[in-house]
Amino acid sequence: MTLKKFVLIPVIIGVLACLIQALDQLLYTSVPPEGNVGFSWISFQSWAVYFLAGCTVRGGIKAFIAYAIGIAASIVIMLLGGAMTPALGFFAVPVAVGVIAFCAIFCERSEWLSLVPALFIGAGAFFAFMNYVPNATFCTAALTEMIYCTIGLIFGYVTICLRSAYEKKVAEDNSKEEK
């Protein structure tokens with residue numbers, strides 16, 4: 001594909017990125033917790049995860065499931081770390097992280113749970129949310145993260161649809177030019 005024809009692909013991606021940010025600016029005041037400053041960063045992460053997941057609807061569903069498991073794992077880590085603090089002190093949270101990470105890797109053995117990188121990205125986003133968003137609770141953080149995760153996965157799907165349609169058109173145009 002020539003640069004002249006390729007340039008539309010970055011334009012499409014740029015427009016979609018612009019739309020995610022605009023959507024966040026419209027949506028953030030309607031999602032918990034009150035007083036947040038937006039979560040487009042979660043959508044951008046899950047948009048990228050859609051590509052990591054193979055650019056398919058099936059991969060997108062696996063990514064969604066992995067994000068949910070990552071959130072659940074994060075909650076267990078926080079609760080377990082808190083419960084073990086009296087006995088382990090400084091080591092309570094590291095041990096909790098190690099135990100849950102050990103368990104999370106077993107997800108590789110299940111087809112629908114096997115997108116472990118997305119699990120860790122979902123968990124990391126949840127930890128960030130809980131540590132840096134004032135007034136966040138497990139419930140509000142989980143709900144909002146999954147809303148924004150879904151937005152990003154949808155944008156991943158739309159990206160593939162638009163790019164595939166454009167590349168097909170370019171290929172058809174190229175074959176017409178060759179004849």
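## Lys 62 and the basis of the model

Lys 62 is buried, with a relative accessible area of 14%; buried means under 20% relative accessible area, exposed over 50%, and partly exposed in between, using a 1.4 Å probe and protein chains only. Lys 62 is found in helix H4. Helices (H or I, at least four residues) are DSSP runs, numbered from the N terminus. Leaving out residues up to four places away in sequence, Lys 62 touches Glu 111, Trp 112, Ser 114 and Leu 115, where contact means heavy atoms within 4.5 Å.

This is a predicted model, in which local features need pLDDT of at least 70 and side-chain atom pairs count only at pLDDT 80 or more, while totals for chains, interfaces and linings use all residues. Residues are numbered from 1 along each chain as its sequence is written, and side-chain values use heavy atoms, with hydrogens and water left out.

## Annotated spans

The unreviewed UniProt entry carries the annotation "transmembrane region" for residues 38–57, 64–81, 87–107, 112–133 and 145–166. UniProt positions are given in the numbering used here, feature names are shortened, and annotations may be inferred rather than shown by experiment.

Two of these spans can be described from the model. Residues 145–166 are 100% helix and 0% strand, and their end C-alpha atoms lie 31 Å apart. Strands, in this scheme, are DSSP runs of E with at least two residues. Residues 112–133 are 77% helix and 0% strand, with 31 Å between the end C-alpha atoms.

## Nonpolar cores

The largest nonpolar core has 33 residues, and Phe 39, Leu 115 and Phe 129 are those with the most contacts inside it. A nonpolar core is a set of buried Ala, Val, Leu, Ile, Met, Phe, Trp, Tyr and Cys residues joined through side-chain atoms within 4.5 Å. At least two residues of this core come from each of helix H2 (8–27), helix H3 (40–52), helix H4 (57–88), helix H6 (116–132) and helix H7 (138–178). H7 gives the largest share, eight residues.

Another core lies apart from this one and has six residues, among them Ile 77, Met 84, Ala 92 and Ile 100.

## Aromatic pairs

How many aromatic pairs does the structure hold? There are eight. Rings of Phe, Tyr and Trp (its six-membered ring) pair if their centres lie within 6.5 Å; planes under 30 degrees apart count as stacked, over 60 as edge-to-face and the rest as tilted. Phe 39 and Phe 129 form a stacked pair, 4.6 Å centre to centre with 5° between the planes. This pair links distant parts of the chain, with Phe 39 in the loop between H2 and H3 and Phe 129 in helix H6, 90 residues apart. Both Phe 39 and Phe 129 are buried. Together with Tyr 148 they form one aromatic cluster. Not counting residues up to four places away in sequence, Phe 129 touches residues including Pro 32, Pro 33, Trp 41, Ile 42 and Thr 144.

Phe 44 and Trp 47 form a tilted pair, 5.8 Å centre to centre and with 35° between the planes. Phe 44 and Trp 47 are separated by about one helical turn because they are three residues apart in helix H3. Phe 44 counts as partly exposed at 31% relative accessibility, whereas Trp 47 is buried with a relative accessible area of 6%.

## Two serines of helix H3

Ser 43 has its place in helix H3 and is buried, with a relative accessible area of 1%. Apart from neighbours within four places in sequence, Ser 43 is in contact with Ile 20, Tyr 148, Ile 151 and Gly 152.

Ser 46 also lies in helix H3 and is buried, at 0% relative accessible area. The side chain of Ser 46 reaches the backbone oxygen of Ser 43 at 3.3 Å. Leaving out residues up to four places away in sequence, Ser 46 touches Tyr 67, Tyr 148, Cys 149, Gly 152 and Leu 153. Ser 46 and Cys 149 are 103 residues apart in sequence, yet 5.3 Å apart in space, C-alpha to C-alpha.

## Cysteines

A search of the whole structure finds zero disulfides, a disulfide being a pair of cysteine sulfur atoms within 2.5 Å. Cys 103 is in no disulfide, and the nearest cysteine sulfur, that of Cys 107, is 9.1 Å away. Cys 103 counts as partly exposed, at 41% relative accessibility.

Cys 149 is buried, with a relative accessible area of 0%. The closest cysteine sulfur to that of Cys 149 is in Cys 55, 15 Å away and too far for a bond.

How values were computed: A polar contact is a pair of N or O atoms within 3.5 Å; within protein, one must be able to donate a hydrogen and the other to accept it, and residues adjacent in sequence count only if both atoms are side-chain atoms.
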